[in-house]
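Subject: Structure for you to look at

Dear colleague,

I am handing over the structure below, and my notes on what was found in it follow. Please read them with the coordinates open.

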Amino acid sequence: MSFHLRDQADTQTRWSKLLDGLILYAPFILALACFIGCCIIELCRIEISLENRDWFYGTFGTVSFYLSMILNMIYGRKYGLGWIRSVVFTLVSFFVLFNWTSQAWAWADIWIFGTGAIASSRSIMFMPLLCLILSRFCKVDTWNLCDYLTPYFFFHHGFVTVACWIRGCCAGSTCSWGLLSPVSGAVVFPTQPCIIILSVGIALYGLLHAKKRNYKANGIVFANSLCFYGVGRYIIELFSDDARVVWVLSWMAICSLMMLVEGFIIRFIINKRNRTPA
C-alpha cells in the first residue's frame, strides 16, 4: 500500500513539474516565434500596410498583457499570493507604470526638450515606490512584490517591442548594415531586436532565479534586472536615432544610467538588510 501511495505521489510530482515547466517557458516560446516571424518578414521584405502595422502593435500589446496576467496568476501562489491579489497587483502595476507613468515621462520630455515619446522601460524605476504603497494595503513584503512583478514587466516590454519592430518605430541610426526601416526606407541599426532579446532574457532570468530559490524573493531579482537593463539599454542607445540632450547621450541613455545607479543602491540596501540580524 505504501509503495502504491509513493508511486502515486511521484506521478503527481512529475506531472506538476511538467506543467510548471510548460507554463514557465510557454510565453517565451511564443515570443521567440514572433521574433522569428519578424526575421522572416525582414529577410523576405514582405510589405505590410501602415494600417496593419498599427493593428499589429495593438494586438501584440493586448496578447502580451493577458499572457502576463496568466503568468502572474499561476506563479502568485508560489510567492505566497492568492489569485485575487495577483490580479490586483498586475492590473495596478500595468496601468500605473506602463500607462500613467510612461505618459507622465513623455509629457515631461516634451516640456523640457520640446519632443518626447512613450518609453515604458524607464517606468520600472518607480516600481519600489508602487510596491511600497501596495505592500502597506495588502500585507506583503515590498521587495518580494518587486521580484514578483519584475519578470512580467520585462516580458511585456520585450513582447510589445516585437510590435515596434513590425510598426517601424524606435528605430536605430542609419548604418551600412541592419534592418530596413519601413518609415524612413533607410537601413538602420537593429535596436528593436536588441531590446527584445535583452528584455525577454531578463524576464527569463527572473523566473529561473525565483524557481531556483524556491520563490523566496528578497529584491535581488529586481535590483539585478535594473542593472542588466541599464547597461544593455545604454549600449543600445549609443546606436539609436534619439536626439542627444547631454554631450553624446540621449535622454533614454541617461535614464539607463539612472537605472544602473538605482540597481546598485537597492543591492546595497538588500545586502545590508540580509546581514542585519532579526
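I begin with N214, which lies in the loop between α6 (191-212) and α7, where helices are DSSP runs of H or I of at least four residues, strands are runs of E of at least two, and both are numbered from the N terminus. The model is a predicted one, in which local features need pLDDT of at least 70 and side-chain atom pairs count only at pLDDT 80 or more, while totals for chains, interfaces and linings use all residues. Residues are numbered from 1 along each chain as its sequence is written, and side-chain values use heavy atoms, with hydrogens and water left out.

The phi of N214 is near 60 degrees, a positive value in a residue other than glycine, and Y215, found in the loop between α6 and α7, also has a phi near 60 degrees. As background, most residues other than glycine have a negative phi. N214 is exposed, with a relative accessible area of 52%, whereas Y215 counts as buried at 9%; here buried means under 20% relative accessible area, exposed over 50%, and partly exposed in between, with a 1.4 Å probe and protein chains only.

Helix α4 deserves a careful look. Its twelve residues, 127-138, should span 16 Å at 1.5 Å a residue, and the end C-alpha atoms are 16 Å apart, which agrees; the expected span is 1.5 Å times one less than the number of residues. In α4, the residues M127, P128, L130, C131, L134, S135 and C138 are buried. They cover an arc of only 155 degrees around the axis, which puts them on the same side of α4, the arc being that of the directions from the helix axis to the C-beta atoms. The face turned away from that buried side carries the exposed residues L129, R136 and F137. The buried residues of α4 pack against α3 (83-113), α5 (142-167), α7 (220-237) and α8 (251-275), contact meaning heavy atoms within 4.5 Å. M127 touches L97, C146, L149, T150, F153 and F222, not counting residues up to four places away in sequence. Just after α4, K139 takes a positive phi of about 60 degrees.

The structure holds one salt bridge, defined as a side-chain nitrogen of Lys or Arg within 4 Å of a carboxyl oxygen of Asp or Glu. R233 forms this bridge with E237, the closest N and O atoms being 3.2 Å apart, and both residues lie in α7, four residues apart, about one turn of the helix. R233 is buried at a relative accessible area of 8%, and E237 is buried at 3%.

Finally, there are 13 aromatic pairs, counted where ring centres of Phe, Tyr and Trp (its six-membered ring) lie within 6.5 Å, with planes under 30 degrees apart taken as stacked, over 60 as edge-to-face and the rest as tilted. F65 and Y66 form an edge-to-face pair, 5.3 Å centre to centre with 65 degrees between the planes.

With regards
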